[in-house]
Amino acid sequence: MEHLGEEVSSHLAPATVFSFQIGGYTVNITNSIVNTWILIVIVGVACFLLTRNLKVEKPKGPQIVLEAIIGFANNLFRSTLGPEGKGYYPYLASVLIFLAVSNTIGFFGLTPPTKDINVTAGLAIMSIILIQISGIRKKGVGGWLHSFLEPIVIVTPINIMELGIKPLSLCMRLFGNVLGAFIIMELLKAVCALIIPVPFSLYFDIFDGLIQAYVFVFLTSLFMNEAME
């Protein structure tokens with residue numbers, strides 16, 4: 001069991017692929033960064049290929065799948081943000097696609113970038129900035145500041161604390177679920193590497209990964225709706 005714990009622990013810390021010096025500082029490029037750029041390239045190439053030769057009549061299989069994904073994303077964001085938040089759909093859809101791909105690459109033997117808390121923290125900070133910007137654009141700076149006094153002045157400290165609590169909850173929820181699934185799969189592979197891990201991999205690497213991507217963007221859009229009301 002001790003050997004098993006050491007083997008799993010070795011997979012938790014981001015591994016350094018290569019390093020270089022900048023002004024006396026060492027910059028470490030981890031596997032999370034490398035896998036993230038690989039995913040960006042894959043998603044970018046896929047988007048380019050899927051959006052070529054689009055047809056209005058008699059679309060083929062790839063276009064039908066693409067339209068289904070875009071339709072699902074639009075319906076999801078329309079239900080939470082409404083038509084006024086249409087300008088935010090592209091960003092939220094991009095995050096949804098990135099997280100969906102990132103969370104499911106473990107099925108193909110790659111390390112999910114979202115297993116690194118730095119990646120999830122970066123996404124959470126970007127989302128919380130967008131949430132505050134959406135509130136400022138809708139209410140103005142004065143209205144945004146006044147929202148910290150609502151519904152009554154006594155809760156102002158709690159409203160201010162939420163500026164840090166919301167990104168922390170987004171970050172830790174995504175990181176914790178992806179990391180937990182990764183640990184379980186590593187334990188299963190170490191105990192029985194042949195048959196048992198397969199059905200669990202379908203759940204943790206695919207189904208659970210897609211659910212976590214959905215939850216992240218759904219909560220982001222929900223917080224944006226709060227900020228804009």
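Glu226 comes out as partly exposed, because its relative accessibility is 45% (buried means under 20% relative accessible area, exposed over 50%, and partly exposed in between, with a 1.4 Å probe and protein chains only). This is a predicted model, in which local features need pLDDT of at least 70 and side-chain atom pairs count only at pLDDT 80 or more, while totals for chains, interfaces and linings use all residues. Residues are numbered from 1 along each chain as its sequence is written, and side-chain values use heavy atoms, with hydrogens and water left out.

Since Glu226 belongs to helix α7 and Lys166 to helix α6, the pair ties together parts that are 60 residues apart in sequence (helices are DSSP runs of H or I with at least four residues, strands are runs of E with at least two, and both are numbered from the N terminus). Lys166 counts as buried at 13% relative accessibility, whereas Glu162, at 30%, counts as partly exposed. The structure holds 2 salt bridges. Through shared partners, salt bridges join Glu162, Lys166 and Glu226 into one network.

That trio turns up again in the second largest pocket, where Glu162, Lys166 and Glu226 are among the residues nearest the centre, along with Ser147 and Ala227. The pocket has about 380 Å³ of space and a lining of 16 residues. For pockets and cavities, a 1 Å grid is laid over the protein atoms alone: a cavity is a set of points where a 1.4 Å probe fits but cannot get out, a pocket is an open set with protein on both sides within 12 Å along at least five of seven lines, and lining residues have an atom within 4 Å of a point. Volumes are the space filled by probe spheres set on the points, which are joined across faces, edges and corners. Helices α5 (117–146), α6 (156–191) and α7 each give at least two residues to this lining, with α5 providing the largest share, 5 residues. By class, the lining has 6 nonpolar, 4 polar and 6 charged residues (Ala, Val, Leu, Ile, Met, Phe, Trp, Tyr, Cys and Pro count as nonpolar, Asp, Glu, Lys and Arg as charged, and the others, Gly among them, as polar).

The largest pocket has a volume of about 730 Å³. Its lining runs to 27 residues, and Ile69, Leu96, Ile97, Ala100 and Val101 lie nearest the centre. Two or more lining residues come from each of α2 (31–50), α3 (61–81), α4 (89–104) and α7 (197–228), and α4 has the largest share with 8. Of the lining residues, 25 are nonpolar, 2 are polar and none is charged.

The largest cavity holds about 40 Å³ and is lined by Leu170, Arg173, Leu174, Gln212, Val215, Phe216 and Leu219. Helix α7 supplies the largest share of that lining, 4 residues.

Conventions. A salt bridge is a side-chain nitrogen of Lys or Arg within 4 Å of a carboxyl oxygen of Asp or Glu.
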